[in-house]
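Please look over the model shown here. The explanation takes up two parts of it in turn.

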Amino acid sequence: MKLGRKLVLSGLAVALAAGAAARLKDKPATTPVTINELSAIALARTTPDASSQRSSLPLIVSDSGPEEALTRIFAEIEGNRLSNALQLTENLLRQHPNYRLAHLIKGDLLLARKQPINTFGALNDAPADKVADLRAEAIARLAAYREKPPADFVPRYLLQMQPDQRFAIVVDTKRSRLYLYENDLKNGGQPRFVADYYVTQGKLGAEKLAEGDKKTPVGVYHVTANLPRQKLADLYGNGAFPLNYPNEWDKRQGRGGSGIWLHGTPSDTFARPPRASDGCVVLTNQDLDVVAKNLQVGLTPVIISNSVEWLSLDDWAKERSELNNSIDSWRADWESRDTERYLTHYSKRFKAGEQDFAEFSAQKKQVNAGKEWIKLKIDNLSVFRNPGKEEVVVVTFDQDYRSNNLNNQMKKRQYWLREGDQWKIIYEGSA
Amino acid sequence: MTSISLLQPRFQKLKTLRAMAIGLAISFAVPAFADNLPEVQRLIKQGQYPQALEKVDAYLSSRPKDAQGRFLKGLIYTEMNKPADAISVFTKLSEDYPELPEPYNNLAVLYAQQKQYDKARTALEMAIRTHPSYAIAYENLGDVYAKLASQAYDKALQLDNSNSTTQNKLALIRDLITTSGKGNVKPQPAPVAAAPVVPAAPVAAAVAKPAVAAVAPTATIVTSTPGAASASPASKPTAIAAAPAPAAAVATPAPAAAPTPAPAKAIAGSEDVVKAMNAWADAWSRKDMRAYLGAYAHEFNTPKGMSRKAWEQEREQRIAGKGGKISVSFDTPQVTINGDKATAKFRQHYKATGLSSSTTKTLVFVRAGSKWLIKEENAR
């Protein structure tokens, strides 16, 4: 009997580990698992301790989600303590009565008492897609719990927040994770990790290109509104925060579609699978409620990446000052009325509205010729790096322009692109 | 085998009672055997429940605490389809005699009937806590776990189980009360200390062949045969006792039975049927699977709609795969022949390591050339 139970056990753990293996190797979750892969996982499981030593846990972690409970449950399963696992699962279900993943684990643990089971979601004829969804959720949550963001590293994207942006959101679609960062003004605006949450992305993944492609966009956005629950269909759960997709850069790249929101979960389920939305980023309702408290309409940046790139604080500071220098040099060169020098800050591929670089240069030369003096002040600067292969940075600021014949205040947004070892402006316009 | 004094073969006559109930009644502890109770049992047997209730109430009026009388009263209410009353009786009984597993078990059956599987589970786990070797409770608990698992899967996977599954559930419930009969109370000494609350996992061989599960009528239910009587949790996998028959409702631990059955009388041709039965019982005792399985007709009604192959595998596992000796014998059968069909009713005595049981069984034979082959096998 002991033997039977043990086999049953490893069945469950194996099925999950299999998913982990598939994920690590970036294979579809349906890839059959070989023994080698399994033992690889077993080995891999022993190492995280070492690596977590290197990157010790941040001071604040979000343990409000079910990740900790799931981790304990699977530890009990692997340790062949099925009764404990069942008890923990039932506790979890008391907390979240319509948590489908927990129901599935409970089903497996109960069925294991009746017959040997050799897979996760052991029900015969279980709809394979639904089981795969729940398994993917389990893997995403367990991995996120094991691998917290390293303490001395920050997402590369958060180069500079403007002072009144209290928080920033960074989404990692591959890891199904949303990270909440605080703008730590006492520490020179260094991003400080607050919490992270499980999220759902588009059915067909990230890098949205067109209307209806069921993908989540990758880029630098911000929340544009706060739609309360009462005004929403049940699908959106406790609330919704539309994003400004497509942004200037998206439009320039010819990306289409709209209606990309950050929102909650319908009432019939605690969580949705990692890939389930039409492109929106979906949080559980309890997580949305917490995150919502920190969202400022029109301000809070929401940066969605395929896979967050982390920089050590040193590298982050370097990149930040490099960009600040570029921006200030652009500002100074504009003030200097040396139009040729000023135009060296613009890419030959520059385009704003209908204006290309040639037209833009001609216009600037003409305007600057009539200037006796120019004063340019930049305030509330924010600098966010655009996730993706291209090195693009989104720069937003309040511009106070004064000259002998024209004063103008505006909120300006520029996209800077690295060309060689120089950052150049490829788009600018009012924000 | 050590018999516990509770397990006196007291209710041998109660054959008509539902299997579950019989099994329960058998192991019941009664301090004093009162004259009225056999009368109550007779009335139950005859289906005269109101009269039985009257008698048992009269009996209880002078001994309101009497466990046996109250237990019978619970059974009567169950038979009268008064589950609320039955639950009330068994609940109070389990409170007054928490050491008895049977009231818990019957409560579980009643709760399961009402699809209150969580309550059923709690009750069965109590039964097992009080009696770690109580086979029926293990069997039932396995079924209840399967039901709970099924419910959990429904919630996890949002299965639409409006019609078909509901029917399956009902079928299973009918099974719980009527035919499943389950093993018997195994009068084994309680296993040492930490007897786990969970029931025994299915037999070791099943682990190697999980595919067997695929033939169960519903995905969510049971691979083991109805007759499986689980071993005490402490025993080794190979020692897990197989039930004597797909649906054995067992009355008593078998007294040593006459090894050779007396020939049936009266009906012409019945000798051939008895001969077939002898060959069948012999093959079973010798663990000669070829001969044993050969005794079953091609169109044999496998239990719970299993596939023939799965059923054969299971029998193989439970007979050939079993350690120790098996002895199967039967008392004089009552044989009726109707054309190419014969029905034999008899009492079967089954003995194996760690398990012995007597079962009232019916075999339905069909004539195939000169031979009689088993088409149905029912234990009641």
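What follows describes a sheet with its packing helix and then a pair of helices.

This is a predicted model. In chain A, five strands form an open sheet, and their order is β2-β17-β18-β19-β20. The pairing in this sheet is antiparallel. Its edge strands are β2 (158–160) and β20 (422–430) of chain A, each of which pairs on one side only. On average, neighbouring strands of the sheet are turned by 25° against each other, direction ignored.

One pair within the sheet can be followed in detail.

Now turn to chain B. The axes of helix α7 (residues 117–130) of chain B and helix α8 (residues 135–157) of chain B come within 9 Å and cross at roughly 150°. Because of this angle, α7(B) is roughly antiparallel to α8(B). The crossing in which α7(B) passes α8(B) is left-handed.

Which residues make the contact? On the side of α7(B) they include Tyr117(B), Leu124(B) and Ile128(B), while α8(B) contributes, among them, Tyr138(B), Leu141(B), Val144(B) and Lys147(B). Sorted by class, the contact of α7(B) with α8(B) has 10 nonpolar, two polar and three charged residues.

How values were computed:
Residues are numbered from 1 along each chain as its sequence is written. Chains are lettered from A and ligands numbered from 1 in the order in which they are written. This is a predicted model: local features need pLDDT of at least 70, side-chain atom pairs count only at pLDDT 80 or more; totals for chains, interfaces and linings use all residues. Axes are lines fitted to C-alpha atoms, for helices over the stretch in contact, and angles run from 0 to 180 degrees between N-to-C directions. Helices (H or I, at least four residues) and strands (E, at least two) are DSSP runs, numbered from the N terminus. Angles under 35 degrees count as roughly parallel, over 145 as roughly antiparallel, 65 to 115 as roughly perpendicular and the rest as oblique. A crossing is left-handed if the near helix is turned anticlockwise from the far one by less than a right angle, and right-handed if clockwise. Two residues are in contact if their C-beta atoms, placed from the backbone, lie within 7 Å. Ala, Val, Leu, Ile, Met, Phe, Trp, Tyr, Cys and Pro count as nonpolar, Asp, Glu, Lys and Arg as charged, and the others, Gly among them, as polar. Two strands pair if DSSP finds at least two bridges between them.
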